[in-house]
Amino acid sequence: MLTQIINAKILTPQGWLKDGSVIIRDNKILEVTNCDLAVVGAQLFDARGMYVVPGGVEIHVHGGGGRDFMEGTEDAFRKAIETHMKHGTTSIFPTLSSSTVPMIEAAAEVCTKLMNEKDSPVLGLHLEGHYLNMKMAGGQIPENIKDPDPMEYIPLVEKWDCIKRWDAAPELPGAMQFGKYITAKGILASVAHTQAEYDDIHIAYSNGYTHATHFYNAMPGFHKRREYKYEGTVESIYLHDKMTVEVVADGIHVPHTILRLIYKIKGVERACVITDALACAASDSQEAFDPRVIIEDGVCKLADRSALAGSIATMDRLIRTLVQKAEIPLSDAVRMASETPAKIMNVYDRKGSLQKDKDADIMILDEDLNIRAVWAMGKLVEGTYTL
């Protein structure tokens, strides 16, 4: 099947291509060109001068549409994934909060099944915990939190190839052994829910921890103990130039000024955006999946308001926030939602940019950066076409 998007302002790795077209054959990009001549036999979509950009690569998301990946059911996975696809996410790494081994096993089984389906948007499982610092638990389930246990994580990794990322607090006993082990298996190790200072981060980086989970959240910045001052996790990560970060760019988890600061220091090559969305994202329900959580001021909080617990954001909202609030150029905002996370997760060979022979994952955005159409693996996502 041939599809052609014409009259488009296309974001390519070389920059914007005006009045161009994207030609799709089945699930791949056949060509990106400045020639607007219609291809014989192709189904035409006129972008009417709107922005045609790569689909979003979501590397940290807990649920959406009223369903949570912790449910560990195929129905929950499909509903949450379908919800985020309508908002521009075309590749996804479903995320579990701190879970028990049976919960991880159930989710891994579903994730593996979906990954094996033809043209699936599911690229792997992300485990946020449960090897976290209890003092920085935030919205995590405290009874599931513990120190890294090789008797637990080695069998899981050996059994489930779908695990592509696992987060931990590097200051915990056994965290360095854990980092070495999972990175040797090709799994991204990320610093999360931590009180780490510079020495902790420096040692962690040398043991495989190259990424930071929801940067600025659930980690300390510059602080004092009595009369002396100490760098926090935030400053320590800034000082490690090659460490990548992800940020919940909903405009609430961190201020717009901090979004600009992250962009200025880490740059588009080392900073990506995530929704960290919970089940209530893009849902008619105002009830959170976790009874400890409330929805207030456009964000999820613990009911006692002691911490943020996750977002209700979608991929399109992240891009709008970066551009309209943090004043980041659209091209870089899109790269932070597509190219950079694809590189972090080692899938840039087929995801994250509009190039010949890559997967046909595409968004069309209007001048207000609202979704007007989404293609995932060459298929128009139902309910998104409003050109």
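Predicted model: local features only at pLDDT ≥ 70, side-chain atom pairs only at ≥ 80, totals over all residues.
Trainee: What makes Arg 78 and Glu 74 a salt bridge?

Mentor: Their side chains meet with N and O 2.9 Å apart, and since the cut-off is within 4 Å, the pair counts as a salt bridge. Arg 78 and Glu 74 are four residues apart in helix α1, and therefore are separated by about one helical turn. In general, an α-helix has 3.6 residues a turn, so residues three or four places apart point the same way.

Trainee: How do you know that the span of helix α1 agrees with what its twelve residues should give?

Mentor: At 1.5 Å a residue, the twelve residues of α1 (residues 74-85) should span 16 Å, and because the end C-alpha atoms are 16 Å apart, the two values agree. Among the buried residues of α1 are Phe 77, Ile 81 and Met 85, and what covers the buried residues of this helix includes β9 (89-96) and α2 (101-115).

Trainee: Why is Glu 197 called buried, and what is Arg 225 called?

Mentor: Glu 197 has 16% relative accessibility, and because buried means under 20%, Glu 197 counts as buried; Arg 225, at 40%, counts as partly exposed.

Trainee: Why does Lys 264 count as exposed?

Mentor: Lys 264, found in helix α7 (residues 256-266), has a relative accessibility of 71%, and because exposed means over 50%, Lys 264 counts as exposed.

Technical notes:
Residues numbered from 1 in each chain as written. Heavy atoms only, no water. Helix = DSSP H or I, 4+ residues; strand = E, 2+ residues; numbered from the N terminus. Expected span 1.5 Å × (residues − 1). Buried < 20%, exposed > 50% of the residue type's maximum accessible area, 1.4 Å probe, protein only. Contact = heavy atoms within 4.5 Å.
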